[in-house]
Amino acid sequence: MTIGFQVLAKGTFTGNQAAVVFTNIDQSYSHLQFEITARGSAAQTRVNLHMNINQVTTGSKYRLLGTQVQSSSSGTAEIVNGMGPTNDPAFLHICGNTVQTSQLTAVEVLIPNYSSTSFSKVAFGKSNACDASGSGANAKRRYVDMVYQDTSAITSISWNTGGTGYFINGGTYIMGAWK
């Protein structure tokens with residue numbers, strides 16, 4: 001038995017890709033981890049990044065709670081807002097198409113005990129928010145916890161922009177798991 005992190009799937013976003021879907025997720029691991037670098041095509045600074053579990057796209061099964069930290073004019077970090085709880089599966093943000101073309105968002109999400117059938121699932125996520133100025137002066141980081149209120153094992157996950165455009169070519173995604 002291999003112990004440690006194993007890449008289960010990886011790829012690069014290509015022409016007008018609206019979603020990346022992982023199905024028949026191997027249940028022999030303890031934790032899932034996603035790493036995504038992406039930007040969306042919508043003409044806005046930030047695009048919601050939706051994570052849909054087991055093909056559930058809306059409803060009362062999702063609960064989010066998070067915060068955004070950004071640099072202040074004095075160079076120190078400040079919490080600017082909290083969010084949630086909410087039942088929208090818009091988990092994190094990626095850059096939209098109105099920021100500098102060189103900017104991508106880095107996203108990392110960990111889902112412990114995804115194959116358990118005894119407990120609801122929890123996902124811990126973080127992403128950097130886009131800096132519309134391009135100067136770095138508006139650096140932001142978003143931290144979000146999501147509870148998926150269902151004891152079913154997670155067998156499929158899709159990532160999408162919630163109908164707001166698509167993923168721009170060149171971003172990457174990895175789904176890995178821990179034993």
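Two residues are in contact, or touch, when they have heavy atoms within 4.5 Å of each other. With that in hand, let's walk through this structure. It is a predicted model, where local features need pLDDT of at least 70, side-chain atom pairs count only at pLDDT 80 or more, and totals for chains, interfaces and linings use all residues. Residues are numbered from 1 along each chain as its sequence is written, and side-chain values use heavy atoms, with hydrogens and water left out.

Not counting residues up to four places away in sequence, Val-109 touches Leu-32, Gln-33, Phe-34, Met-51, Phe-91, Leu-92, Ala-123, Phe-124, Gly-125 and Trp-159. Val-109 also belongs to the largest nonpolar core, which has 35 residues. Such a core is a set of buried Ala, Val, Leu, Ile, Met, Phe, Trp, Tyr and Cys residues joined through side-chain atoms within 4.5 Å; buried means under 20% relative accessible area, exposed over 50% and partly exposed in between, using a 1.4 Å probe and protein chains only. Met-51, Phe-91, Val-109, Ile-111, Ile-157 and Trp-159 are the members that touch the most others.

Next, the aromatic rings. Rings of Phe, Tyr and Trp (its six-membered ring) pair if their centres lie within 6.5 Å; planes under 30 degrees apart count as stacked, over 60 as edge-to-face and the rest as tilted. By this rule there are six aromatic pairs. One of them joins Phe-13 and Phe-167: the ring centres are 4.2 Å apart and the planes are at 20 degrees, so this pair is stacked. Phe-13 lies in the loop between strand S1 (5-12) and strand S2 (19-22), and Phe-167 in the loop between strand S11 (157-160) and strand S12 (172-178), so the pair ties together parts that are 154 residues apart in sequence. (Strands, E, of at least two residues and helices, H or I, of at least four are DSSP runs, numbered from the N terminus.) Both ends of this pair are tucked away: Phe-13 is buried at 1% relative accessible area, and Phe-167 is buried at 0%.

Phe-22 and Phe-34 make another pair, with centres 5.5 Å apart and planes at 55 degrees, so this one counts as tilted. Phe-22 sits in strand S2 and Phe-34 in strand S3 (residues 31-38), so the pair ties together parts 12 residues apart in sequence. Phe-22 is buried at 6% relative accessible area, and Phe-34 is buried too, at 1%.

S2 and S11 pair in the antiparallel sense over four bridges (two strands pair if DSSP finds at least two bridges between them). The open sheet has four strands in the order S2-S11-S4-S7, with antiparallel pairing. S2 and strand S7 (90-95) stand at the edges with a single partner strand each, so one side of each has no neighbour in the sheet.

Two more stops. Ser-41 lies in the loop between S3 and strand S4 (46-53) and is buried, at 17% relative accessible area. Leaving aside neighbours within four places in sequence, Ser-41 is in contact with Asn-97, Gly-165, Tyr-166 and Ile-168. Val-7, in strand S1, is partly exposed at 48%. Not counting residues up to four places away in sequence, Val-7 touches Ile-174, Met-175 and Gly-176.
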